[in-house]
Amino acid sequence: MNVQPWHWLIFGLILMILEMFVPTFFLLWFGASAVVTAVLAWAFVLGFGAGVILWLVLSVISCVAWFKFIQPNIKTRTTAGLGGSVIIGEIGMLTHAPSADRLGKVRFSVPKVGSDEWLCRGADGEVLQAGDRVVVVQILGNELVVRRK
């Protein structure tokens, strides 16, 4: 069977176009692997078997890289559309006590609005210690105002 490099290119482009109709990034990696196979087939003379093996290896590598390394890093840590008021009244534990010149950190057992650890300050200058259980009473930008529980 005589497969030309442009066959791989057309095959890859068709797979990438089909990706538009599939709700995952699955076919994209097979299509990109076929395009890379086409480029390598133009640079080096590849037979049908070598081209198929190269395409399969590149497809597996790109799929594994996507699902294992790339996709987890691009997921957002916040939930768009939720107001900050959903965190008011939640109870957490101070991991770092806030002081007059620096913010503390409060950790929640279950992530709140996308994160389990938030910067915080004491309400009304209240002195808090690391390990105190606190309740969120207000939100100031990206910081929580907390009071001892």
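Me: Which backbone nitrogen does the side chain of Glu19 reach?
Reply: A polar contact is a pair of N or O atoms within 3.5 Å; within protein, one must be able to donate a hydrogen and the other to accept it, and residues adjacent in sequence count only if both atoms are side-chain atoms. Here the Glu19 side chain reaches the backbone nitrogen of Leu27 at 2.7 Å.

Me: What should I know about the model and its numbering?
Reply: This is a predicted model, in which local features need pLDDT of at least 70 and side-chain atom pairs count only at pLDDT 80 or more, while totals for chains, interfaces and linings use all residues. Residues are numbered from 1 along each chain as its sequence is written, and side-chain values use heavy atoms, with hydrogens and water left out.

Me: Is Glu19 buried or exposed, and where is Glu19 placed?
Reply: Buried means under 20% relative accessible area, exposed over 50%, and partly exposed in between (1.4 Å probe, protein chains only). Glu19 counts as buried at 9% relative accessibility. Its place is the loop between α1 (5–18) and α2 (27–43); helices (H or I, at least four residues) and strands (E, at least two) are DSSP runs, numbered from the N terminus.

Me: What does the side chain of Ser115 reach?
Reply: The Ser115 side chain reaches the backbone oxygen of Glu117 at 3.0 Å. Ser115 sits in strand β3 (residues 115–122) and is buried, with a relative accessible area of 13%.

Me: Where is Ile139 found?
Reply: Look in strand β4 (residues 133–140). Ile139 is partly exposed, at 27% relative accessible area. From Ile139 to Leu58 there are 81 residues in sequence and 48 Å in space, C-alpha to C-alpha.

Me: How many disulfides does a search of the whole structure find?
Reply: A disulfide is a pair of cysteine sulfur atoms within 2.5 Å. The search finds zero. As for cysteines, Cys63 is buried at 11% relative accessible area, and Cys120 is buried at 0%.

Me: Which domains does the assignment give?
Reply: Domain bounds come from an automatic or database domain assignment. For this protein they are domain 1 (5–76) and domain 2 (82–148), and 46 Å separate their centres, taken over C-alpha atoms.
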